[in-house]
Amino acid sequence: MKKPDVRPSILAGIWYPEQPQTLRQQVDDYLSKATLDSWEGKVVGLVCPHAGYRYSGPVAGHAFRAVQGQSYQTVVILSPYHRTHYYPMLTTTHSAYQTPLGKIAIDQENLDALQARLKEKGVQTIETIDNDQEHAIEIELPFLQQALTGDFKLIPLMLSGTGAELAIQLGETLGEIFQEQNVLLVASTDLSHYYTEQTANQLDHAILEAVGSFQVQDVLSVYRSGKGEACGVMALLAAMAATRKLGAYRAKILQYATSGAASGDYSSVVGYGAGVFIR
């Protein structure tokens with residue numbers, strides 16, 4: 001059963017500002033500095049990095065700028081689970097997530113429907129975890145709270161395994177569940193980790209080019225060959241499968257940078273990319 005409690009922020013004051021006004025100003029600054037080309041269609045999915053705002057905030061701003069002023073009934077955030085767990089898919093037991101900008105309620109009705117549909121397909125039901133410490137979900141929330149218009153509900157899904165088939169089936173099931181609803185899918189992922197800037201650029205551009213092709217198998221092929229890296233590659237596959245099921249026809253990469261831009265250290269960097277899936 002769902003516990004009537006709120007997951008408190010574990011990142012405020014560390015990964016992003018703790019004071020609401022300071023946080024709003026910082027997010028607004030990232031959004032205002034992001035410049036985008038125009039395109040036809042509605043954004044149904046985002047690709048966003050999940051590092052501390054000092055490092056990945058300017059890149060993340062491009063993704064969230066693409067939905068600024070829009071409203072969605074539900075936001076599904078798909079992320080890696082950065083710890084070891086014996087279940088391949090996890091979600092929260094809490095009834096809401098808390099950030100300095102307020103609470104976001106869990107979309108329990110659709111989460112229950114998702115779990116039931118997966119069970120019908122013989123897929124291992126998403127197991128809940130208590131007091132989760134996963135940062136890749138929370139880091140996206142202040143951007144969503146500041147960029148979107150109106151309230152939205154949240155479904156956080158963390159993929160702890162490396163099973164591509166399971167990730168794709170999760171995405172397709174999400175597409176079935178939300179076929180008639182106004183939903184935004186967010187793939188929370190960083191790219192390569194701790195290479196030189198030159199090597200990171202090669203690896204990251206390969207994976208981003210594959211994402212830009214909007215072909216699930218292209219992303220999987222690049223990842224499995226070692227030509228490109230993304231810690232949230234399974235989240236990417238799930239988000240792509242879901243948005244394709246929802247009628248998306250293209251992907252567009254909006255921005256790329258590494259941690260070197262903020263740290264000045266180009267000998268060991270982390271890559272960050274921003275993109276959209278468009279219906």
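Author: The expected span of a helix is 1.5 Å times one less than its number of residues. Helices (H or I, at least four residues) and strands (E, at least two) are DSSP runs, numbered from the N terminus. The model is predicted, so local features need pLDDT of at least 70 and side-chain atom pairs count only at pLDDT 80 or more, while totals for chains, interfaces and linings use all residues. Residues are numbered from 1 along each chain as its sequence is written, and side-chain values use heavy atoms, with hydrogens and water left out.

Reader: How do you know that the length of helix H1 agrees with what its residues should span?

Author: Helix H1 (residues 20-33) has 14 residues, which should span 20 Å at 1.5 Å a residue. Its end C-alpha atoms are 20 Å apart, so the two values agree.

Reader: Why are the buried residues of H1 said to line one face?

Author: Buried means under 20% relative accessible area, exposed over 50%, and partly exposed in between (1.4 Å probe, protein chains only). In H1 the buried residues are Leu23, Val27, Tyr30 and Leu31. Seen down the helix axis, they fall within an arc of 100°, so they line one face; the arc is that of the directions from the axis to the C-beta atoms. An α-helix has 3.6 residues a turn, so residues three or four places apart point the same way. The face of H1 turned away from the buried side carries the exposed residues Ser32 and Lys33.

Reader: What covers the buried residues of H1?

Author: The cover includes helix H2 (53-65) and helix H5 (141-147), where contact means heavy atoms within 4.5 Å.

Reader: What makes Phe214 and Phe277 a stacked pair?

Author: Rings of Phe, Tyr and Trp (its six-membered ring) pair if their centres lie within 6.5 Å; planes under 30 degrees apart count as stacked, over 60 as edge-to-face and the rest as tilted. By this rule there are 6 aromatic pairs. The centres of Phe214 and Phe277 are 5.4 Å apart and their planes are at 25°, so the pair is stacked. Phe214 lies in the loop between helix H7 (197-213) and helix H8 (216-225) and Phe277 in strand S12 (residues 269-278), so the pair ties together parts 63 residues apart in sequence. Ring pairs also link Tyr16, Tyr30, Tyr53, Phe64 and Phe143 into a cluster.

Reader: Why do Phe214 and Phe277 count as buried?

Author: Phe214 has a relative accessible area of 2% and Phe277 has 1%. Both values are under the cut-off, so both residues are buried.

Reader: What lies over the face of Phe214?

Author: Arg244 does, at 5.1 Å from the ring centre. A charge sits over a ring if NZ of Lys or CZ of Arg is within 6 Å of the ring centre and within 35 degrees of the ring normal. Phi of Phe214 is near 60°, a positive value in a residue other than glycine.

Reader: Is Tyr194, with its positive phi, buried or exposed?

Author: Tyr194 is at 59% relative accessibility, so this residue counts as exposed. Its place is in strand S10 (residues 193-195), and its phi is near 70°.

Reader: Why is one side of strand S1 and of strand S6 left without a neighbour in the sheet?

Author: Two strands pair if DSSP finds at least two bridges between them. The open sheet of 3 strands has the order S1-S5-S6, with mixed pairing. Strand S1 (6-7) and strand S6 (102-105) stand at the edges, each with a single partner strand, so one side of each has no neighbour there. Strand S5 (residues 96-99) is joined to S6 by 4 bridges, and the two run antiparallel.
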